[in-house]
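Here is a short briefing to read beside the model.

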Amino acid sequence: MVRWLGSISWSAGLKYAHVVLLFLITPSVNAHGGIVYIHRVRNSSIDISCESTNKEGKPFAFSLKRRLLQSRRVLYLSDGLLPTINKSEDKGRITVRDELYNHTVHLTISNLQGQDIDVYHCEFYYGSLPEDKNIPGKMEFFIYVEDFSREPLHSCDCLSYLSLLYVISGAACLLGVLVFTLAAAYCCKRPNRRKPQPVVPVYEEMTGVRPAKRKATNSQTDIAKLEEANSSVATLFSKENLYVN
């Protein structure tokens with residue numbers, strides 16, 4: 001039962017890794033012109049053909065490289081010589097048919113394993129050393145191998161690949177949440193900004209001042225009337241005093 005559950009989790013992990021890898025290599029379609037998806041099972045083989053984007057001159061060398069899970073050179077082929085394969089586990093599994101004169105190299109990779117999952121790309125070398133030019137191939141190859149075997153980790157690093165993919169996908173999710181939070185905070189701040197107060201027209205200010213001026217004029221008139229009344233009363237009293245005398 002435990003082994004059965006372990007195999008299910010392993011296969012589910014590989015399926016998840018498959019989806020994440022497709023997501024990661026999608027931008028390369030625009031950058032490199034095209035990508036070929038190749039799906040195989042364990043111990044099967046594939047045939048790929050690398051064609052140079054340059055048709056002028058003759059390349060003096062060719063190399064096959066990996067670039068996603070393992071950034072390294074798989075093999076190097078110099079014109080007229082046998083190919084140099086970098087890792088011992090790849091020797092005996094890769095067959096090369098040299099057509100450098102036709103700007104093309106055909107390769108066969110046999111006995112595929114889970115550790116072969118990666119994106120492969122070709123490079124052609126033109127000119128002469130040390131001023132040679134690296135020209136990429138027309139296509140890239142995403143090789144996905146279904147490998148449900150429970151081999152020791154020293155012979156297959158698929159678990160480390162899955163861990164790396166989990167970390168990358170988690171970081172991408174966190175980045176998305178952070179961007180969403182910043183965007184929401186910015187949108188919430190915008191409505192709270194002070195709106196510019198409308199300019200009061202000049203005539204409204206004048207009409208607002210006029211009533212005050214009228215009130216001041218009326219008060220001055222009342223004071224003048226009181227003074228006149230007081231002066232008339234004082235005059236009347238003075239006349240009465242004259243008659244009494």
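How many cavities of 30 Å³ or more does the count come to? The count comes to 2 cavities of that volume. This is a predicted model, where local features need pLDDT of at least 70 and side-chain atom pairs count only at pLDDT 80 or more, while totals for chains, interfaces and linings use all residues. Residues are numbered from 1 along each chain as its sequence is written, and side-chain values use heavy atoms, with hydrogens and water left out.

**Cavities**

- A cavity here is a set of points, on a 1 Å grid over the protein atoms alone, where a 1.4 Å probe fits but cannot get out; lining residues have an atom within 4 Å of a point.
- A volume is the space filled by probe spheres set on the points, and the second largest cavity holds about 50 Å³.
- Arg-66, Arg-72, Val-74, Asp-90, Arg-93, Ile-94, Ile-109, Asp-116 and Tyr-120 line the second largest cavity.
- That lining divides into 4 nonpolar residues, no polar ones and 5 charged ones, with Tyr counted as nonpolar and Asp and Arg as charged.

- Strands are DSSP runs (E, at least two residues) numbered from the N terminus, and two of them pair if DSSP finds at least two bridges between them.
- Strand S8 (residues 118-126) runs antiparallel to strand S9 (residues 133-146), and 8 bridges join them; Tyr-125 stands opposite Asn-134 in S9.
- Strand S3 (residues 61-66) is largely enclosed by the rest of the structure, because 5 of its 6 residues are buried (under 20% relative accessible area, using a 1.4 Å probe and protein chains only).
- S3 is joined to strand S4 (residues 72-78) by 6 bridges in an antiparallel arrangement, and a hairpin of 5 residues connects S3 to S4.
- S3 also runs antiparallel to S8, again through 6 bridges.
- Ser-63 shows both pairings: its bridge partner in S4 is Tyr-76, and it stands opposite Glu-123 in S8.

**The sheet of 3 strands**

- A further open sheet has 3 strands in the order S2-S7-S6, with antiparallel pairing.
- S2 and strand S6 (94-99) are its edge strands, and each pairs on one side only.
- Neighbouring strands of this sheet are turned by 15° against each other on average, direction ignored, with axes taken as lines fitted to C-alpha atoms and angles running from 0 to 180 degrees between N-to-C directions.
- S6 pairs with strand S7 (residues 104-109) over 6 bridges in the antiparallel sense, and Asp-98 stands opposite Val-105 in S7.

**Cysteines**

- The whole structure has 1 disulfide, a term for a pair of cysteine sulfur atoms within 2.5 Å.
- This disulfide joins Cys-50 to Cys-122, with an S to S distance of 1.8 Å.
- The pair links distant parts of the chain, 72 residues apart: Cys-50 lies in strand S2 (residues 46-51) and Cys-122 in strand S8.
- Cys-50 is buried at 2% relative accessibility, and Cys-122 is buried at 1%.
- Cys-187 counts as exposed at 51% relative accessibility (exposed means over 50%).
- Cys-173 is exposed too, with a relative accessible area of 54%.
- Cys-187 is in no disulfide, and its nearest cysteine sulfur, that of Cys-188, is 6.9 Å away.

Notes. Helix = DSSP H or I, 4+ residues; strand = E, 2+ residues; numbered from the N terminus. 1 Å grid on protein atoms, 1.4 Å probe; cavity = no way out; pocket = protein on both sides within 12 Å on 5 of 7 lines; lining within 4 Å.
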